[in-house]
Amino acid sequence: MSEPDKQNIGDGSDNLSNAARKTAQAVKQIGQASAAKAATAGGTAAANAAAATVQAGAAGGNAAAGVAAGTAAGGPWGAILAAAWAMRHTLFKILIAICLCLLFLIALIVSLPSIVFNSIFHTDPATVPESGPTDMVDIYDDLSETVSGCVTGGYDYARAKVEQIIADGGYDCDLSTEATIDYGHVSADYDVCYILAAYSASMEQKGTTKEDMKAKLDAVASRMFPVTYEVKETTVTIQPEDGLGASTTETVQYVECTIHPFDASVILSAFGIDPDATYGQFNIRTGDAIESMATALKRTLYGVTASGQVPPITDAELTAFLGNLTCSPARKELMRVALSLVGRVSYFWGGKSAPGWNDEWGTPKLVTAAGSSSTGTLRPYGLDCSGFTDWTYKTALGVDSIGAGTSGQWANSTAITEAELLPGDLGFQNTGDAANNHVLLFAGHDENGKNLWVHCSGGAGGVALNSPTYVKYFRRVNGLDLEHMTVPIQSGG
């Protein structure tokens, strides 16, 4: 800057004690009100509050003009920088920076679920457990395990209800068990971050404890996985016990029970939440506040929101999709299992899993496999593309493995034409020896005749059903007769 504009500390141009007092008062007010706005309206409200803080300490018309210019150029964040720079004393600029750091800390605390961060920040000291994890990821893992246990209890309740329906009706046990349709075991359609946010919001961020949350979730366990059933009849052949004489036929009744996927609406019921009600003292829907809080938690844990780009396929949509497929039962089962993960499992470089639902999916894990920009970062655990296709075959049909990685699955499959594609066949972006490749499962055609593929994609943020145009190679897994294969009972296992 030019010599006439320079100011030295202590030259009397700024009343530092008065400015400091005003700034401290502004920060105190932010802690009571403006930071709360930041909690519900996000970073923009926090920035506006911070800009007001800086402006409160600004002296003279030049500073006010700087704030206006900063706002016009860069929004509220520009206002903060412009106003801070308008201060003529370095000491005051340092004071502003400290106050802004305090503001952002306050905004961070009030915008994240208290059940996770109370143990770290002690915002509600009376409910901080005497012993327990204090690391953010460890706390989340502990709470995630609790939520998973509650959901597992809900699934066990649904299984017990199926057994009760069979027993109470006197239906044929073997036929009824074999006919059971179990969407609950493969699919676990719940979001731990959302549940933690919903519980914290229902308590207005005060008095939150793991025990209380668990008790409320357990109270709605019977409604987590709805069960419906339909009575059916079939004719069976009865052989004489002594092996002599002619066999006879008999009409028996059995029941086809369906365990539906997790009903996410029970979360709001468990915590007594009206999503359309105004949240606390703020002009925002409770439902929107919970979504914002859950997103803030995901970004804090992973740096990304993860899995939010693809909406899950509902039970009705899945049933309708499978009903429109004209293929063998084994291929339909591959599609049922594969589609059950759409929108529910994140992409994770190097992610592999055993058959069935993995309770670690969605929890923060370090990416250790080399070769990705995500290597060494914390991400929600899930599957990579070949891990997804392999998991689908293992879960749906009990196949040991269709090959390790895209190269292994390419080698364990045979080329077919695009016209020969059937649900469950493989598609590849590149050839098997390509360093950069992607594998997908053919799922049929959309209403316009385009190929549909279900796959786990980093670009989509996880398992998705769509029509990518980059699929160039079509192949069928070796050694499997999918046209005549018997589908294992309860393949969700």
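What follows is a short chat about a predicted model of one protein chain.

Me: How many helices and strands does the protein chain have?
Reply: The model is predicted. The chain has 15 helices and 13 strands.

Me: What share of the residues is buried?
Reply: Buried residues make up 46% of the 493 in the chain.

Me: What about contacts, what percentage comes from residues 24 or more positions apart?
Reply: 67%, counting contacts with a separation of 6 or more.

Me: Switching to rings. How many aromatic pairs are there?
Reply: The structure holds 10 aromatic pairs. One of them joins Trp 361 and Trp 391. The centres of those two rings are 5.6 Å apart, with 65 degrees between the planes, and the pair is edge-to-face.

Me: Where do Trp 361 and Trp 391 sit in the chain?
Reply: Trp 361 is in the loop between β4 (346–347) and β5 (364–366). Trp 391 belongs to helix α14, residues 385–397. They are 30 residues apart, so the pair links distant parts of the chain.

Me: Is that Trp 361 buried or exposed?
Reply: Buried, with a relative accessible area of 6%. Trp 391 is buried too, at 0% relative accessibility.

Me: Next pair. Why do Trp 410 and Phe 428 count as edge-to-face?
Reply: Because their planes are at 75 degrees, and the cut-off for edge-to-face is over 60. Their ring centres lie 5.1 Å apart.

Me: Which elements hold Trp 410 and Phe 428?
Reply: Trp 410 is in helix α15, residues 405–411. Phe 428 is in strand β9, residues 426–428.

Me: What are the relative accessible areas of Trp 410 and Phe 428?
Reply: Trp 410 has 18% and is buried, because the cut-off is under 20%. Phe 428 has 0% and is buried as well.

Me: Which charged residue sits over the ring of Trp 410?
Reply: Arg 475. Its charged end is 4.1 Å from the ring centre.

Me: Which residues do ring pairs link into a cluster?
Reply: Tyr 155, Phe 225 and Phe 262.

Me: Last topic, helix α13. Why is it called largely enclosed?
Reply: Because 9 of its 11 residues, 329–339, are buried. The rest of the structure largely encloses the helix.

How values were computed
Residues numbered from 1 in each chain as written. Predicted model: local features only at pLDDT ≥ 70, side-chain atom pairs only at ≥ 80, totals over all residues. Heavy atoms only, no water. Phe/Tyr/Trp six-rings, centres within 6.5 Å; stacked < 30°, edge-to-face > 60°. Helix = DSSP H or I, 4+ residues; strand = E, 2+ residues; numbered from the N terminus. Buried < 20%, exposed > 50% of the residue type's maximum accessible area, 1.4 Å probe, protein only. Lys NZ or Arg CZ within 6 Å of the ring centre and 35° of its normal. Contact = heavy atoms within 4.5 Å.
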